[in-house]
Amino acid sequence: MKFGHFDDEAREYVIETPRTPLPWINYLGCNDFFGLFSNTAGGYDFYKDAKLMRLTRYRYNNVPYDTGGRYYYIKDGDTVWNPGWQPVQTELDFYECRHGMGYSVITGKKNGLSASLLAFVPLNDTCEVNSITLNNESSDTKTIDLFSFIEFCLWNAEDDCTNFQRNFSTGEVEVIGSRIYHKTEYRERRNHYAVYACNRDIDGFDTDRASFTGFYNGLHNPEVVFNGESKNTEAHGWSPIGSHHLKLSLAPGEETKVVFVLAYCENPVEKKFEAPNVINKEPANSILSKFMTDEQVDAAFNELKDYWNSLLSVYNLESSSAKLNRCVNIWNQYQCMVTFNMSRSASYFESGMGRGMGFRDSSQDLLGFVHLIPARARERILDIANTQFPDGSAYHQYQPLTKTGNLGVGSGFNDDPMWLIAGTAAYIRETGDFTILDEMCDFDNKKELAAPLMEHLRRSFNYIVTHKGPHDLPLIGRADWNDCLNLNCFSETPGESFQTTGPSEGPVAESVFIAGLFVKYGKEYADLCKHIGLDDEAAKCLEEVAKMEKAIEKDGWDGEWFIRAYDANSNPVGSHECEEGKIFIEPQGMCIMGGVGIENGMATKALESVEKHLDSQYGIMLNQPAYTKYYLNLGEISSYPPGYKENAGIFCHNNPWIACAETEVGHGDRAFEVYKKTNPIFLEDIGEIHRTEPYVYCQMVAGKDAPTFGEGKNSWLTGTAAWTFTTVSQYILGIKPDLDGLRVDPCVPSDVDSYRITRKFRGKTYNIIVQNPNHVQKGVSEMTVDGTPVSGNLIDPELGGDSVEVTVVMG
Ligand code: BGC
């Protein structure tokens, strides 16, 4: 069942009912200020850090679901309604929510009145703009009351929902004309405040939540709105809100617009006040002055649209599949931007209070983002490197505001180091900018320990070389990519963290996955060495890589697939010898992507085993058989009920690794089949089963052992975005940035006739036509650049002018 449709022309998803199976959200904001925005206008805003700088309050796991947002109430006679249906839930005569690139538009109609809410965060300002268009479509004059509503968060989101003994006494506001200032904690150590403003004169306001709703009422039946009169309250402690009241009259056919802006403002410490305890309004005046007229709002909105037009022109596909084009050209790239910005911090599944930026996560997010804005990718790589420890290991997470590692989780996730190489290599392949390797980066955020980025990569590489177990395979530490495979944990105490319990440096537990990762990115590290003239180092690295390949083939091979790991007693995990969890997806994908077993047939065999044992209608499961009991030696993975999360769920993040691996052995048909199975755009028709947004990937789909097989969870913030974009753009469609130029190496389904790709790369635009007259799955038989035949499949960056025509014939 579908709950909406794609409007590809507008690059929007159009939701046709507010009753989606889960809230279907969008993200507003590209740089420092962000808003989560659901299809019923739910969600919240923050500045840079969803935990420490939360502007508006949101209650996760609320009843009813998804209440709390920027709400506009309309009282038209006796009828009270919201354009986005929530929270009053009055049945609408018409409802539509369009989620676009960095903006959303919700339109509701009731009794001849149309109300359309456009919400976006302007490109370079720290605010959310809400522009409401009201249109009287009836033949009578309408006299209505419009109320705005947001609820302020007292900045630190975690403290805000736990520390009530303090928080109920600290709330403070100022109201001047149509501007409501939220200044809790400003009198002491904060030098920032929020302002919620309206561009018109108002007829009333409220800032005290209980007064607005009535003490035992909710947001669905606020007293002020139902009575049609604001109380002009000023909050003292308790829960400060912002609500404006406008009385409006519209003649038949008349249209009017009202603009509301929620802004984050900051003052230098010495200029905090204009009078004792009166905040300095200068920054508010300056930002609000930019959005006071409809023309200004239109201009800012157009600027945002232009920005996205330009970003999405870097990689553009024209193929015969509308679904594929839509995914490649619009939504997958859009999700890559969102994961780059958010890492795993704030979504409808990530509370914004827990994980900040992940070392591994953010490094991988770069893979799908780097072509969009390389300069921001560069900055991110340096931020990540600053949190690395001198021995090459890394803080697993860091806070975006402070950019320092989180002590709570610490380090010991032994795949982390290699991902820094992955992200950096992707950046250099995209840009050819080797100077990044000379940038000085701290170790452990300590300036005195700073060293060039190249030294950081070297230590990443060496960390794996110097941390091996009895089978000469890498030690796993607390976990590898699979955060829930905790082989050194042995936790028997409820509530204990699986990730931080037990010795981080387990003496023997090993990971075949990290071995594969090392082979893949060890080769890329050696390539970097070669390119900067470190031939000896490159040769030594390749020797280490070769040793690792041997170790995998010797002790990482189970006969029909790659083993997953060795536990703390040196017993295999993910082997036919195991009672449950005999085969895992991760090492099959990563080892083959590293090139292990391609020559000797292990790769093809392993992929056959994946298809035989792990595949399902909705994608490839993480492991099989699912664990049916808790295994002390395995950790969190076996804590999940069968079919969910890492215990035999379909992890969308590593399905693309199998698709990539299939391309390594030339299986274009199968690679595309794997690609399609977890692709939300191809699942739009089964929205009632899949449940999460049909325009973005979710982290996990319930596996066949789960009672809800096919149900998606954790949409938006997942490494799936970057990996699926890498898979489809580079491994399937075959446009691969290489250190020496752009390589064209497609591996496609045999029924593909041809496709075109426009790719902007290092200052030039390549118009590439790929033809497949003989219906092969892989191989390039001819290539011409600006009409001249070239040998091989690498386009020399020196060839051609600003716009280069490339024809590729497969065969
Ligand atoms: C984490 C990833 C991890 C994955 C698998 C995600 O929630 O963000 O870092 O690789 O789960 O455990």
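Author: Let's start with Lys 447, which is exposed, with a relative accessibility of 64%. This is a predicted model, and in it the side chain of Lys 447 meets that of Asp 442 in a salt bridge, with 3.1 Å from N to O. The cut-offs explain the two labels, because buried means under 20% relative accessible area and exposed means over 50%.

Salt bridges can also link up through shared partners, and one network formed in this way joins Glu 611, Asp 615, Glu 662, Arg 670, Glu 673 and Lys 677. In total, the structure holds 63 salt bridges.

Two further pairs are worth a visit. Arg 189 and Glu 188 meet through their side chains in a salt bridge, at 2.8 Å from N to O. Here Arg 189 is exposed, at 71% relative accessible area, while Glu 188 counts as partly exposed, at 30%. The other pair is Glu 96 and Arg 98, whose side chains form a salt bridge at 3.0 Å, again N to O. Glu 96 counts as buried because its relative accessibility is 19%, and the cut-off for that label is under 20%.

Now for the backbone. Most peptide bonds are trans, and most residues other than glycine have a negative phi. With that in mind, look at the loop between strand E6 (54-56) and strand E7 (71-76), where Pro 64 is found. A cis peptide bond joins Val 63 to Pro 64, with omega at about -10 degrees. The loop between E6 and E7 is also the place of Asp 66. Asp 66 is not glycine, yet its phi is positive, near 55 degrees. With a relative accessibility of 4%, Asp 66 counts as buried.

Another cis peptide bond joins Gln 86 and Pro 87, and omega there is about -5 degrees. You can find Pro 87 in the loop between strand E8 (79-81) and strand E9 (94-99).

A last stop is Phe 490, in the loop between helix H11 (453-465) and strand E27 (510-511). Phe 490 is a residue other than glycine with a positive phi, near 50 degrees.

Definitions and conventions:
Residues are numbered from 1 along each chain as its sequence is written. This is a predicted model: local features need pLDDT of at least 70, side-chain atom pairs count only at pLDDT 80 or more; totals for chains, interfaces and linings use all residues. Side-chain values use heavy atoms; hydrogens and water are left out. A salt bridge is a side-chain nitrogen of Lys or Arg within 4 Å of a carboxyl oxygen of Asp or Glu. Buried means under 20% relative accessible area, exposed over 50%, partly exposed in between (1.4 Å probe, protein chains only). Helices (H or I, at least four residues) and strands (E, at least two) are DSSP runs, numbered from the N terminus.
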